[in-house]
Amino acid sequence: MSVSVLVGSQWGDEGKGKIVDILCDRFDIVVRFQGGANAGHTIVIDDQQYILHLIPSGILREGVNCVIGNGVVIDPQALLDEIKLLEDHGFVVKGRLFISHNAHLIMPYHKILDSLNETGDIKIGTTGRGIGPCYIDKYARKGIRIVDLLDRVELEKKIRANIEEKNRLIKNVYNGEELDVEKIVEEYLAFDEAIDQYITDVPTYLDNAIKSGKSVLMEGAQGALLDVDFGTYPYVTSSNPTSGGACIGAGVPPTQISSVFGIVKAYTTRVGYGPFPTEMLGDDGEELRQWGAEFGATTGRPRRCGWYDAFLLNYSRMINGIERVAITKLDVLSNMDEIKVCIGYELDGKRLKSFPTTTSQLEKIVPIYETLPGWKTDITEVRNYDDFPAETKNYLSFIAEHSGFEISIISVGPKRDQTIEL
Ligand code: GDP
Ligand code: IMO
Ligand code: MG
C-alpha cells in the first residue's frame, strides 16, 4: 500500500507546505482532499517564496502529478490566478494537474454570504473565501460542481436558480445588494473553457495509479482542531482536515491508506476567534509572533501565539491516527530563556482525562505546565540531530513523549535545506 496522509495537527499553518515539498520527491502524486483557497501553504525555494492556496504543493517538484479531489471547494478565479502564477515562474501545470469532476465550485454569492454571516452574533473570523456557504450548498444539494460546467444549458439553469434564491436572502435578510445573474453566468461559462483540460474522474485515476505501483501523498489543509466534527466547534472550518477526510475527499478507500504523518509546530498558533488554552497574551505573545513571523499566508492577519500543548496533540494524534511527525519552526524558540509545555488540563480543580471540545469548557481550562530550559543558541544552521544543544534535544524528547508520537523530521527554517531527517 502506498497512500500516505499528511495532516495539520493543530489549528493550521503548521508548515504543511514546506514538509509536503520535502517529502514529495519520493511520491508520484500529491492530492488535496478538502478545504479551498482558505489554505495558504508556503514553500521557499532558493529564496523565492511561493504561497499555494488550491493546487497541491507537489506542483513545484518536477515529475510529481497533482490532484484536486472532490472534497475541495474550488474558487475558479483563485485557481486560474494560481495556474498563471506557477506558469509565470516556469512551472508546468498542463498535463500534471487533475481536477475532480465532483468538486464543488465557490460562487460569488458564497463569498458575499461568508462576510454577511460574520456580521451576526457568532463571529468565527473566517478567511472570507466563501468556504462555509459553499459547503452548506453542497450538503443542501444545491451546489454547482465542476461536472456542471460541461453542460452549458444545465449550468445556466442551476446558476439562475441559485442566484434567485441567494438574492432573496441577501436582499431581505441582510439588506445587501442583489447579484447580477447575466454577469455570473458569463463568467462561469468562460471558466469552463479554461479548465476543461484538467477535469478528471479522480477515483479512477487514483485507483489506476495505485494499481500500477505509484505512491500517493494526501496533503491536508487547515488542522485537526479546525475540523468541523472534531475541532473547537463552532470555531472551525467547514470540512474534515483530519485523516479520515482524505478517503471521502478523494475517493481513495481506507484499505489503501498505509500511514498518517502529522505536521506539528514547535509551539501553537491559531487565526480567527475561538478558545486557545495555552495562548500567550500581551508582550510575550507579540514577541513570539515577531520571531515566528506569524502572519496569515492567505489573509495577512496576525496569528495568535501560545505554548506547545501536548494534551491537545495527544487528542490530535488519537483522532488522526498519527504515528510519526515533523516538528516545524523549532528555531523560533531559540530566543527563549525558558519554554513552557502544557501537559494536561484542569477544569474546576479536576484533571481532565480527555480533550473537551465545547467552548465553555475550553474557556475555563487551566493548563498544567512544565517549564523546560531554553537553548539560547541559533539552530538554523544545524543539519544533524547530534549537533543540537542538549536543551533542544531535551525539549524534543519531552514533547514527543508527552504527545505520544515519534519525531522523524525536524525543521529549523523555511528553506528546503533547513530540514533534518531522523
Ligand atoms: P501551512 O499552511 O501549514 O503550509 O503553513 P504556512 O505556510 O501557512 O505557515 C508556515 C510559515 O512558516 C511559512 O511562512 C513557512 O515558510 C514558515 N516555516 C516553515 N517551516 C519553518 C521553520 O522550520 N522555521 C521557520 N522559521 N519558518 C518556517
Ligand atoms: P492552512 O491550510 C489557519 C481558520 C480561519 C477561521 C476558521 C474558519 O494554511 O493551514 P474558513 O474561512 O475556513 O471558514 O475559516 O478557520 N482557517 C485557517 N487557519 N490555517 C488555515 O489553512 C486555515 N483555513 C481556515 O482563520 O478561524
Ligand atoms: Mg497556512
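Guide: Start with the largest pocket, which holds about 770 Å³ of space in this predicted model. On a 1 Å grid over the protein atoms alone, a cavity is a set of points where a 1.4 Å probe fits but cannot get out, while a pocket is an open set with protein on both sides within 12 Å along at least five of seven lines. Lining residues have an atom within 4 Å of a point. Points are joined across faces, edges and corners, and the volume is the space filled by probe spheres set on them.

Visitor: Which residues lie nearest the centre of the largest pocket?

Guide: I124, T126, T127, V236 and T237, out of 40 lining residues. Helix α4 (131–139) gives the most, with four residues. Helices (H or I, at least four residues) and strands (E, at least two) are DSSP runs numbered from the N terminus. By class, the lining has 16 nonpolar, 17 polar and seven charged residues. Here Ala, Val, Leu, Ile, Met, Phe, Trp, Tyr, Cys and Pro count as nonpolar, Asp, Glu, Lys and Arg as charged, and the others, Gly among them, as polar.

Visitor: How much space lies in the second largest pocket?

Guide: About 560 Å³. Its lining has 27 residues, and T42, G292, R303, K329 and P414 are the closest to its centre. Domain 1 (3–101 + 198–261) and domain 3 (264–421) each supply at least three lining residues. Those domain bounds come from an automatic or database assignment.

Visitor: How many disulfides does the structure hold?

Guide: First the general idea: a disulfide is a covalent bond between the sulfur atoms of two cysteines. The cut-off is a sulfur pair within 2.5 Å. This structure holds zero. Take C66: the closest cysteine sulfur, in C24, is 7.4 Å away, too far for a bond. For C342, the nearest cysteine sulfur is that of C305, 16 Å away.

Visitor: Is C342 buried or exposed?

Guide: C342 is buried, at 0% relative accessible area. Buried means under 20%, exposed over 50%, partly exposed in between (1.4 Å probe, protein chains only).

Visitor: Where does G285 lie?

Guide: In helix α9, residues 282–291. G285 is buried, with a relative accessible area of 0%. Leaving out residues up to four places away in sequence, G285 touches M280 and C305. Contact means heavy atoms within 4.5 Å.

Visitor: What conventions apply?

Guide: Residues are numbered from 1 along each chain as its sequence is written, and chains are lettered from A and ligands numbered from 1 in the order written. Local features need pLDDT of at least 70, side-chain atom pairs count only at pLDDT 80 or more, totals for chains, interfaces and linings use all residues, and side-chain values use heavy atoms, with hydrogens and water left out.
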